[in-house]
Amino acid sequence: MISKLLIANRGEIACRIIRTARAMGVATVAVYSDADAKALHVRSADEAVHIGPSPAAESYLIGEKIIAAAKQTGAEAIHPGYGFLSENADFAQSVIDAGLIWVGPKPDSIRAMGLKDAAKQLMMDAGVPVTPGYLGEDQSVERLSKEADAIGYPVLIKAVAGGGGKGMRKVDAPENFAADLESCRREAKASFGNDEVLLEKWITSPRHIEVQVFGDSHGNIVHLFERDCSLQRRHQKVIEEAPAPGMDEGTREEICAAAVRAAKAVDYEGAGTIEFIADASEGLRADRIFFMEMNTRLQVEHPVTEEITGVDLVEWQLRVASGEPIPLKQDELSINGHAIEARLYAEDPVKGFLPSTGRLEWMNVSDHFARVDTGVERGSDVTPFYDPMIAKVICHADDRADSITALRRSTGNVQVWPVKQNAWFLFRLLDLEEFKTGTMTTGSIANHIDDLIAPPTLPKLSLALYAEDLLYADAWGDSFARQSGIGGLRLNADHKQSVRLLVDGEEFEVDPTFDGDDPAFDLTIQSHVGKFYFCNGATFHVQPFRHDGFGTASAADGAILAPMPGKVIAVDVSEGQTVKAGDRLMVLEAMKMEHALTAPFDGTVTELSASQDAQVQVEAVLCVVEPSE
C-alpha cells in the first residue's frame, strides 16, 4: 500500500482525498498557490508545498513543480483529483517516468479517450452504441455542411478535444451552420489548441446517463451502476443522482454492459466514467442510449455512487494503484436506496450566474440530513482564480422522493454571507415538477430559467417578527429603536404601528401584527444571525430605516458598525467632533459599491476606531457617537 500520497489538486476534491487517505493510514502532501496559502486542504494535509503564483497556469498546471514537490517530500504517488492535470496523458507519463505511482488510468488509455472522434470510432469497433453523426477527416465547411444536411437538423457541433461544455454548438437550420461552426472552432482553438470538430444528431428529449466503471491491473473491470446528470445549465451539471429514475433492470443491464466493453477496449485501470446521451422521448430504452465520451478520472458527482453502493471510490483508487485487485466482484455490488447531489457554487443566479468572490464571513452548510463535501469554511476566501464551488451537498434515502425532500431541506438551510451563492436556485430546482416526476431533460433548466432565477423574497412573517423585536426593544427603553423613528409600543396596550425596514437596500413598511397568513410560510426554513435572515437558501440583510432617510448598521447607543466586510475609503470626522443626525461619518466600499455611514442622532464622536484605507470585517465598531444632552 502507498505510504505517502501527494494530491495534485486543491479545494473540495483535495480535502475529499485527504479524508480517505487518513482513514487508510496514508500520509498526505498538499500543494498550494499563493491564493491558497491558508486554504482548508493545505491545513488538512500532513505536509504542504508551495508551487507558485495564484493563476493555475503558473502553479497547479505546472507538472514539473508537482513532481518536484513529490520528490522533495518523499511521496510515492500522485493523485490528480479532477480537473487541472487529471486527464493529461503527458503528465501521467511524466509521473511514471519519475519513478512515482500515478493514481489513475494508464497514459495510453487517457490518450485513446482524449479525442472525441477517435474515441467514438473505438467504441463503434467495440460494439458500443454511438450517436449518428460524422467523424471524418475532411474538415472543410462544404463537407461538414453537407454531412449536417444528411444527418438532419438540428445537429450538434462538438470540438473533438472538447470538454466542460466548451466547443459545442447546437445548430437548428442550415443557414446558421457556417457561423456557428466558425464560433465553435474559435472557442475550441482557444480552449484546447485544436479546432477540429465532429457532428452528431441532436437528441430532442435528451437525458444524460453515465456509468461508473472501475478496472485494475489484473484484468478485472466492473461497473458500479449508473447516474443521471440531466439537470444541466449550459452543459454544466447542476444536480446528479443515482440510480437514474425510470431505468428498468433490462436497460440497466445493457447500458452497464456496454460501459464495461468500452472500458475493456482501452485496457482501463482505476476509476472512469462512460457518458451516454439518451433519447428519452419514449422513456429510457437501451436502443436509444448512445455513447458520448469517457472521463478518465474521478467525477465530481462520484459521491452519489458511493452512497448507493457503500463503496469508497478513493480507497479503491489507492488500492488499485498499489497493485491490489478490485475489492469486490460484480455480483457483490448492488444498489441501496437513492442519492442526489447538488453543487453549491459562489455565483449569483440573478446576474447570469456570475461568479461571486470574497470572504465567507458567515458559512453554515452542515446538515444532519446530508453529506457535505467542501474545501472551504467560515473565514475562507473565494478567489477569482479557480472554480467557485463552495460545497457538494449529498442526500441518501430509501427512495427517490425522500432523497429529494432531504436535499431540498438541506439546500434550504444553507447560510452563506456576503458571498452570493446558488442555494435558493437549487432549492427551487428540486421542486421542479418534471424533476420530481423523473421526466427532466438536459433542457429543463433553460426551459424554466425565468421562474428559477426570479429574485428571492423574504416572507412577510420574517419581517413582521423583526419589526416586533424592534418595537419590544423600544418598550424597554432602547434608544436604538427610538432614534429609528420606531416607538409607541406599550405592554398590555392595544397598539398597532408600522415599521420601516431596509431589506438589501430596498425600503419596506411592515405591520408587526402580521397574522402569518403567508402562502410561503409553510415551506419556509428560516433562521437569523444578527441582522441577516436566511430563508430557503437565500440571504437577506435587514436593517431599520431611520427617520432621517438613512439606513445604517448601528448598535446600542451610537456605536456605528460595519454592515459588511469592506474597505474604509473616506473618514469625514475626528474624535471630539460635533455632528448632526444624518451627517456622513465615513464611507465603506464593499462588493464594488460605496456605503455612506451616517450619524443616527445629534451628538459627539467619542471614539473613532477606523482609519482611511483600513480593511474592516462585518459588525466591526467603526466609531461611536454619544447623543447630545
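In which sense do strand S11 (residues 221-233) and S12 pair, and over how many bridges? The two strands pair in the antiparallel sense, over four bridges. Within this pairing, Leu231 is placed opposite Ile239 of S12. The model discussed here is a predicted one.

## Overall composition

The protein chain contains 18 helices and 37 strands. Of its 629 residues, 54% count as buried. Among the contacts in the chain with a separation of 6 or more, 65% are accounted for by residues 24 or more positions apart.

## The antiparallel sheet of eight strands

Strands S11 and S12 belong to an open sheet of eight strands, ordered S14-S13-S10-S11-S12-S15-S22-S20, in which the pairing is antiparallel. At its edges are strand S14 (289-295) and strand S20 (371-374), each of which pairs on one side only. From one strand to the next, the twist averages 25 degrees.

Helix H12 packs on this sheet and touches S12, S15 and S22. The direction of H12 makes about 25 degrees with that of S15.

In soluble globular proteins, nonpolar side chains tend to be buried together. The largest nonpolar core of this model has 42 residues, and those with the most contacts inside it are Ile239, Phe425, Leu429 and Phe435. Two or more residues each are given to this core by strand S12 (236-242), strand S15 (338-345), strand S22 (389-397), helix H12 (400-412), helix H13 (423-429), strand S27 (532-535) and strand S28 (538-544). Helix H13 provides the largest share, five residues.

With neighbours within four places in sequence left aside, Phe435 is in contact with Leu231, Ile239, Glu241, Ile340, Arg400, Ile404, Leu429, Leu430 and Met440.

## The parallel sheet of five strands

Another open sheet consists of five strands in the order S3-S2-S1-S4-S5, and its pairing is parallel. Strand S3 (47-52) and strand S5 (101-102) stand at the edges with a single partner strand each, so one side of each has no neighbour in the sheet.

Inside this order, strand S1 (residues 4-7) and strand S4 (residues 77-79) run parallel and are joined by three bridges. Leu6 stands opposite Ile78 of S4.

Strand S9 (residues 197-201) is largely enclosed by the rest of the structure, because four of its five residues are buried. Strand S6 (residues 133-134) runs antiparallel to S9 and is joined to it by two bridges. Gly133 stands opposite Glu200 in S9.

Glu200 is also one of the contacts of Lys120, a residue located in helix H6 (residues 116-125). Is Lys120 buried or exposed? Its relative accessible area is 1%, and the cut-off for burial is under 20%, so Lys120 counts as buried. Apart from neighbours within four places in sequence, Lys120 is in contact with Val130, Thr131, Leu135, Leu198, Glu200, Phe291 and Met292. The C-alpha atoms of Lys120 and Glu293 are separated by 7.5 Å, although the two residues are 173 residues apart along the chain.

## Helix packing and helix burial

Two packed helices are described by the angle between their axes and the distance between the axes. Helix H7 (residues 141-151) and helix H8 (residues 177-192) pack at an angle of about 115 degrees, and their axes are 11 Å apart. Their crossing is right-handed. On the H7 side the contact is made by Val141, Leu144, Ser145 and Ala148, and on the H8 side by Phe177, Leu181 and Arg185. These contact residues divide into five nonpolar, one polar and one charged.

Helix H10 (residues 302-309) is mostly covered, with seven of its eight residues buried. The buried residues of H10 are His302, Pro303, Val304, Thr305, Glu306, Ile308 and Thr309. Just after H10, Gly310 takes a positive phi of about 75 degrees.

Conventions:
Residues are numbered from 1 along each chain as its sequence is written. This is a predicted model: local features need pLDDT of at least 70, side-chain atom pairs count only at pLDDT 80 or more; totals for chains, interfaces and linings use all residues. Side-chain values use heavy atoms; hydrogens and water are left out. A nonpolar core is a set of buried Ala, Val, Leu, Ile, Met, Phe, Trp, Tyr and Cys residues joined through side-chain atoms within 4.5 Å. Buried means under 20% relative accessible area, exposed over 50%, partly exposed in between (1.4 Å probe, protein chains only). Contact means heavy atoms within 4.5 Å. Two strands pair if DSSP finds at least two bridges between them. Axes are lines fitted to C-alpha atoms, for helices over the stretch in contact, and angles run from 0 to 180 degrees between N-to-C directions. A crossing is left-handed if the near helix is turned anticlockwise from the far one by less than a right angle, and right-handed if clockwise. Ala, Val, Leu, Ile, Met, Phe, Trp, Tyr, Cys and Pro count as nonpolar, Asp, Glu, Lys and Arg as charged, and the others, Gly among them, as polar.
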